[in-house]
Amino acid sequence: MKKFSRISKPEGAGYVGAGGGGGGGGGSSAGSAGNYVGRVFSVGRYQVTVEELIAEGGFSMVFLVRTHNSVRCALKRMYVNDVHDLNICKREVTIMKELSGHKNIVGYLDCGIASVSDNVWEVLILMEYCRAGQVVNQMNKRLQTGFSETEILRIFCDTCEAVARLHQCKTPIIHRDLKIIPLVKPSQHLPLILLNSKEYRPHLIGLFSHSRS
C-alpha cells in the first residue's frame with residue numbers, strides 16, 4: 001500500500017514548520033540543526049535549552065527544548081518584518097491562550113516577542129511537546145494492518161471535540177485546514193490533539209480565524 005503523503009518540508013513530533021519565522025527558507029539540515037543545539041532561549045517565564053531541530057519551514061523553525069526542570073516542550077521561532085504581521089502573531093497567541101487546557105488542543109505555555117532591529121521582531125511560542133507524533137506517521141507505520149474500527153472512531157471523536165471547542169468560543173473560530181497533518185498525539189494512550197500547524201504564517205490570514213458569520 002502506498003504511504004500517506006505529508007507536506008514537502010521536514011517535520012517532526014507533530015509540529016509543522018510553516019509559520020513566519022527565523023532561520024530563512026528551505027528544509028532542515030544537519031548543519032542548521034547543529035547551530036542551535038544547546039542554545040538557551042528565554043520565553044516569558046521559561047528558560048529553555050534546545051535539544052534538536054524537529055521542524056523547519058520557509059518561515060519558521062520548531063525546536064525540541066527542555067526547561068530547567070527537565071520538561072520537554074516545543075518551541076516555535078519566527079521573525080516578522082512589519083506591524084501588520086506582528087499583530088497577526090499576537091492575535092494567534094491570544095487564541096491559543098483561550099483554547100489552552102482542552103484535552104484535544106495542543107497546550108500553550110508562553111510566548112516572547114522581542115524587537116531585533118527596525119521593523120523586525122522575533123516571536124517565540126512555547127507549546128506542549130507531543131512525543132507520539134503525527135497521526136499520518138502512525139498510519140504509515142501500519143499500512144498493512146490499518147487501524148481498528150474502534151481506533152478510527154476515537155480519532156474522529158477526538159477531532160470533533162477539538163473543533164467543537166473552537167466553535168464554542170464567544171467569537172467562534174474556524175480551523176480552515178482540517179486534515180491528518182495537524183493531528184498529533186501526546187503519547188500512544190492519550191487523546192488526540194489538534195495542532196494549529198500553520199497559524200503564524202505572516203503572509204496568510206492564519207489557520208485559526210474568527211468567524212464573521
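**Strand 8 and its sheet**

Met78 has Val123 as its bridge partner in strand 8. Helices (H or I, at least four residues) and strands (E, at least two) are DSSP runs numbered from the N terminus. The model is predicted, so to speak of local features takes pLDDT of at least 70, while side-chain atom pairs count only at pLDDT 80 or more and totals for chains, interfaces and linings use all residues. Residues are numbered from 1 along each chain as its sequence is written, and side-chain values rest on heavy atoms, with hydrogens and water left out.

Strand 6 (residues 72-80) runs antiparallel to strand 8, with 8 bridges between the two; pairing here takes at least two DSSP bridges. Strand 7 (residues 108-117) is antiparallel to strand 8 as well, again over 8 bridges. Here Ala114 bridges to Glu122, and Ser117 to Val120. The hairpin of strands 7 and 8 leaves 2 residues between the strands, and Asn119 adopts a positive phi near 60° there.

Zooming out, 6 strands make up an open antiparallel sheet, in the order 3-4-5-6-8-7. Strand 3 (40-43) and strand 7 are the edges, each pairing on one side only. From one strand to the next, the twist averages 35° (axes are lines fitted to C-alpha atoms, for helices over the stretch in contact, and angles run from 0 to 180 degrees between N-to-C directions). Helix 2 (residues 83-99) packs on this sheet and touches strands 6, 7 and 8, its direction making about 15° with that of strand 8; contact means heavy atoms within 4.5 Å.
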